[in-house]
Amino acid sequence: MYPRRVLVLGGTGTIGRATVRALVSRGHEVVCLVRRSADVRDHPGRLECPRVPAGASARFADVTDPSSLAHDGFRGETFDVLVSCLASRTGLPEDAWAIDHQAHVNALQASKAAGVTHFILLSAICVQKPILAFQHAKLAFERLLVESGVAYTIIRPTAFFKSLSGQIDRVKRGRPFLVFGDGTMTACKPISDDDLGSYLAECLDNADRRNRVLPIGGPGDAVTPKAQGERLFALVGREPRFTHVPVVMLDVIIAILAMLGRVFPAAAAKAELARIGRYYATESMLVLDPATGRYDASATPSTGSETLFDYYARLVRGEAVVERGDHAVF
């Protein structure tokens, strides 16, 4: 293990910050590209961004603009590794193709000129069964990266803790936990931000992770939505109560919004968001066996030390706060 110069995209999100912390703790020189926002202070000669972890530096650059990326981000300097935790905020088609695909194409082109020899990409396990626009956008860039000639590591994590924590307040208030169907039709191996960040940082020094597409989950068995609800009720000392939402209800909502979307663009966007919701309500975030078409928990690798239920316990005790952000699902 030796220090390298690392450029990070998406370093101010929860997973990005965890990854930057892990990189800094391993002695790497880390530069984060950030968007201009209210909490960014651009002083002469330096950029202050409170969301960038200590030990890393920040630069403002527009990843959708190749010129800004080259001149404001890379600045004609050399880097050894590029790590991207960047993802579209909404998953809507225009956003997905602009960020999940084109911004990464821009970064790949600029990184080649900067001498980058290893591109580490945080993708998503759901791209193994692509139905939605953002999945196709991610896959399109994955293919370009694999064919680029640059050493790559593509990480496809399962569900994140923050995405599975949206009903804690409901349960605390004594309201029922919402599940689709019977609550057991899907499962996942959730992974914490810190465990995923450490896994990403370790890819710099692990030769076995070069030029590979790697699905990864957190420790322990796969969990269903019903199991999540049962554990939350136990933690707050209440009897489990569930409201079962039929999947057909989502289908009806999607059909109505799609019809309205022919006239109103806002309705079309809502229809796509409803399709995203339906996907996560009906598809497991586990490795998909292409031979059988079934999800396989035993084939989904595990890493880290913190389980989702450990995290729930910390939330209930007030020792952690959920940063759900733009990618939250309930």
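Which residues form a nonpolar patch on the surface? They are V248, V252, I256, L260, V263 and F264, and together they have about 550 Å² of accessible area. Accessible areas here come from the Shrake-Rupley method with a 1.4 Å probe, and for residues only the protein chains shown count as cover. A patch takes residues with over 30% relative accessible area and no salt bridge, joining nonpolar side chains (Val, Leu, Ile, Met, Phe, Trp, Tyr) within 5 Å and like charges within 9 Å; a salt bridge is a side-chain nitrogen of Lys or Arg within 4 Å of a carboxyl oxygen of Asp or Glu.

Before going further, note that this is a predicted model, in which local features need pLDDT of at least 70 and side-chain atom pairs count only at pLDDT 80 or more, while totals for chains, interfaces and linings use all residues. Residues are numbered from 1 along each chain as its sequence is written, and side-chain values use heavy atoms, leaving out hydrogens and water.

Let us stay with V263 for a moment. V263 sits in the loop between α8 (247–261) and α9 (265–282); helices (H or I, at least four residues) and strands (E, at least two) are DSSP runs, numbered from the N terminus. With a relative accessible area of 61%, V263 is exposed (over 50%; buried means under 20%, and partly exposed lies in between, with a 1.4 Å probe and protein chains only).

Next comes α9 itself. Its buried residues include A267, A271, I276 and Y279, and the buried residues of α9 pack against α3 (93–113), α4 (133–146), β9, α8 and β13 (294–296).

The largest nonpolar core has 29 residues, and V8, L23, V83, I155 and L196 have the most contacts inside it. Such a core is a set of buried Ala, Val, Leu, Ile, Met, Phe, Trp, Tyr and Cys residues joined through side-chain atoms within 4.5 Å. Among the elements that each supply at least two residues of this core are β1 (5–9), α1 (14–25) and β10 (212–216). L23 is in contact (heavy atoms within 4.5 Å) with V6, V8, H28, V30, V83, A201 and L204, leaving aside neighbours within four places in sequence. Another core, of 28 residues, lies apart from the largest one, and L164, F177, M285 and L308 are among its members.

Most residues other than glycine have a negative phi. R75, however, has a positive phi of about 55°, and N211 also has a positive phi of about 55°. R75 lies between α2 (66–74) and β6, whereas N211 lies between α6 and β10. R75 counts as partly exposed because its relative accessibility is 45%; N211, at 42%, counts as partly exposed too.
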